[in-house]
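Please look at the sequence and the structure shown here before reading the report. The headings below go through one topic at a time.

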Amino acid sequence: MGCEKECIVESSGWPTPYFYDYPGISVAKRVEADPIAVFFGPDTFVISGFVPTLLFWLMAVYIAAYVVRTNRPEV
């Protein structure tokens, strides 16, 4: 459509986006890319955005588990 590399598109994912709304095919008034539409529709999934997000959340869970484990009272 001539817009894939130059248009601003909606995206989802935090801390880095990895679901991108395909330009020009959005459902009206939809504010972000839809994970379901990645598999069954026109939206796209970008692995280079997903990997840093996955690593961030794995690290966050590991740190939280470590803090909880080390701060347990002795029985």
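The report below starts with the model as a whole and then turns to its parts.

## The model and its confidence

This is a predicted model. The mean pLDDT of the chain is 77, and 65% of the residues reach 70 or more. Among the elements of the chain, the highest mean pLDDT, 94, belongs to helix 2, while helix 1 (residues 35–40) has the lowest, 68.

## Overall layout

The chain contains two helices and three strands. Along the sequence these elements follow the pattern β-β-α-β-α. Of the 75 residues in the chain, 16% are buried.

In general, the strands of a sheet pair through backbone hydrogen bonds, and the pairing can be parallel or antiparallel. Here, strand 1 and strand 2 (residues 19–20) are joined in the antiparallel sense by two bridges.

## Aromatic rings

A pair of aromatic rings is described by two values, the distance of the centres and the angle of the planes. The model has six aromatic pairs. One of them is formed by W14 and F56: the ring centres are 5.4 Å apart and the planes stand at 85°. Planes over 60 degrees apart count as edge-to-face, so the pair of W14 and F56 is edge-to-face. This pair links distant parts of the chain, since W14 is in the loop between strand 1 and strand 2 and F56 is in helix 2 (residues 47–70). The two residues are 42 residues apart.

Is W14 buried or exposed? With a relative accessible area of 55%, W14 is exposed, because the cut-off for exposed is over 50%. F56, at 31% relative accessibility, is partly exposed.

W14 also pairs with W57. The ring centres of W14 and W57 are 5.9 Å apart and their planes are at 50°, so this pair is tilted. W57 has a relative accessible area of 42% and is partly exposed. Together, W14, F56 and W57 make up one aromatic cluster.

## A nonpolar patch

Which residues form a nonpolar patch on the surface? They are F45, I47, V51, L54, L55 and L58, and together they have about 540 Å² of accessible area. Helix 2 gives the most to this patch, with five residues.

V51 is one of the residues of the patch and is found in helix 2. Its relative accessibility is 39%, so V51 counts as partly exposed.

F50 is another residue found in helix 2. With a relative accessible area of 27%, F50 is partly exposed. F50 and T16 are 34 residues apart along the chain, and their C-alpha atoms are separated by 7.1 Å.

How values were computed:
Residues are numbered from 1 along each chain as its sequence is written. This is a predicted model: local features need pLDDT of at least 70, side-chain atom pairs count only at pLDDT 80 or more; totals for chains, interfaces and linings use all residues. Side-chain values use heavy atoms; hydrogens and water are left out. Two strands pair if DSSP finds at least two bridges between them. Helices (H or I, at least four residues) and strands (E, at least two) are DSSP runs, numbered from the N terminus. Rings of Phe, Tyr and Trp (its six-membered ring) pair if their centres lie within 6.5 Å; planes under 30 degrees apart count as stacked, over 60 as edge-to-face and the rest as tilted. Buried means under 20% relative accessible area, exposed over 50%, partly exposed in between (1.4 Å probe, protein chains only). Patches are made of residues with over 30% relative accessible area and no salt bridge: like charges are joined within 9 Å, nonpolar side chains (Val, Leu, Ile, Met, Phe, Trp, Tyr) within 5 Å. Accessible areas come from the Shrake-Rupley method with a 1.4 Å probe; for residues, only the protein chains shown count as cover. A salt bridge is a side-chain nitrogen of Lys or Arg within 4 Å of a carboxyl oxygen of Asp or Glu. pLDDT is the predictor's confidence in each residue, from 0 to 100.
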